[in-house]
Amino acid sequence: MTKGYWVSVYPAISDPESLTAYNKLARPAVQAGGGRLLSRGGRVVAHEAGITQRVILIEFDSFEQAVAAYESEVYQKALVALPDGVERDFRIIEGIDLTGGPSHR
């Protein structure tokens, strides 16, 4: 089974403090969905068309679990709290099966 990941990049945040309400709701929603925070706003070296703004990486045990966590009622409530003035590029991506098992690609 391949892992799933949430990747969020924030090209623009007009008021970083305004993310507080979203973060208070999103963190327990992610944990309840089985997500583990791997990176949050640390150092970034951007190349080519990359950006250096805030990047968040969250790992789930499976791609399906990552999708279900996003679609959960509790995370949808967190999204409502995402403030205006925040531009976010959000994706759910499937990891690679490194166990040597059969690949579906």
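Serine 62 touches Met1, Thr2, Lys3 and Gly4, leaving aside residues up to four places away in sequence; contact means heavy atoms within 4.5 Å. The model is predicted: local features need pLDDT of at least 70, side-chain atom pairs count only at pLDDT 80 or more, and totals for chains, interfaces and linings use all residues. Residues are numbered from 1 along each chain as its sequence is written, and side-chain values use heavy atoms, with hydrogens and water left out.

**Serine 62**
- Serine 62 lies in the loop between β3 (55–60) and α2 (63–71). Helices (H or I, at least four residues) and strands (E, at least two) are DSSP runs, numbered from the N terminus.
- Serine 62 is buried, at 7% relative accessible area. Buried means under 20%, exposed over 50%, and partly exposed in between (1.4 Å probe, protein chains only).
- A polar atom of the serine 62 side chain lies 2.9 Å from the backbone nitrogen of glutamine 65.

**Nonpolar core**
- The largest nonpolar core has 16 residues, of which Trp6, Tyr22, Ile58, Phe60 and Tyr75 touch the most other members. Such a core is a set of buried Ala, Val, Leu, Ile, Met, Phe, Trp, Tyr and Cys residues joined through side-chain atoms within 4.5 Å.
- Two or more residues come from each of β1 (4–13), α1 (20–32), β3, α2 and α3 (73–80).
- With four residues, α1 gives the most to this core.
- Tyrosine 22 touches Tyr10, Tyr75, Ala78, Leu79, Ala81, Leu82 and Arg88, again not counting residues up to four places away in sequence.

**Aromatic rings**
- There are seven aromatic pairs in the structure. Rings of Phe, Tyr and Trp (its six-membered ring) pair if their centres lie within 6.5 Å; planes under 30 degrees apart count as stacked, over 60 as edge-to-face and the rest as tilted.
- Tyrosine 70 and tyrosine 75 make a tilted pair, 5.4 Å centre to centre with 45° between the planes.
- Tyrosine 70 is partly exposed, at 25% relative accessible area. Tyrosine 75 is buried, at 0%.
- Ring pairs join Trp6, Tyr22, Phe60, Tyr70, Tyr75 and Phe90 into a cluster.
- The charged end of arginine 54 sits over the ring of tyrosine 10, 5.7 Å from its centre. The cut-offs are NZ of Lys or CZ of Arg within 6 Å of the ring centre and within 35 degrees of the ring normal.

**Valine 67**
- Valine 67 is in helix α2. Its relative accessible area is 23%, so valine 67 counts as partly exposed.
- Valine 67 and leucine 82 are 15 residues apart along the chain, and 19 Å separates their C-alpha atoms.

Methods
Polar contact = N/O pair within 3.5 Å; in protein donor to acceptor, adjacent residues only side chain to side chain.
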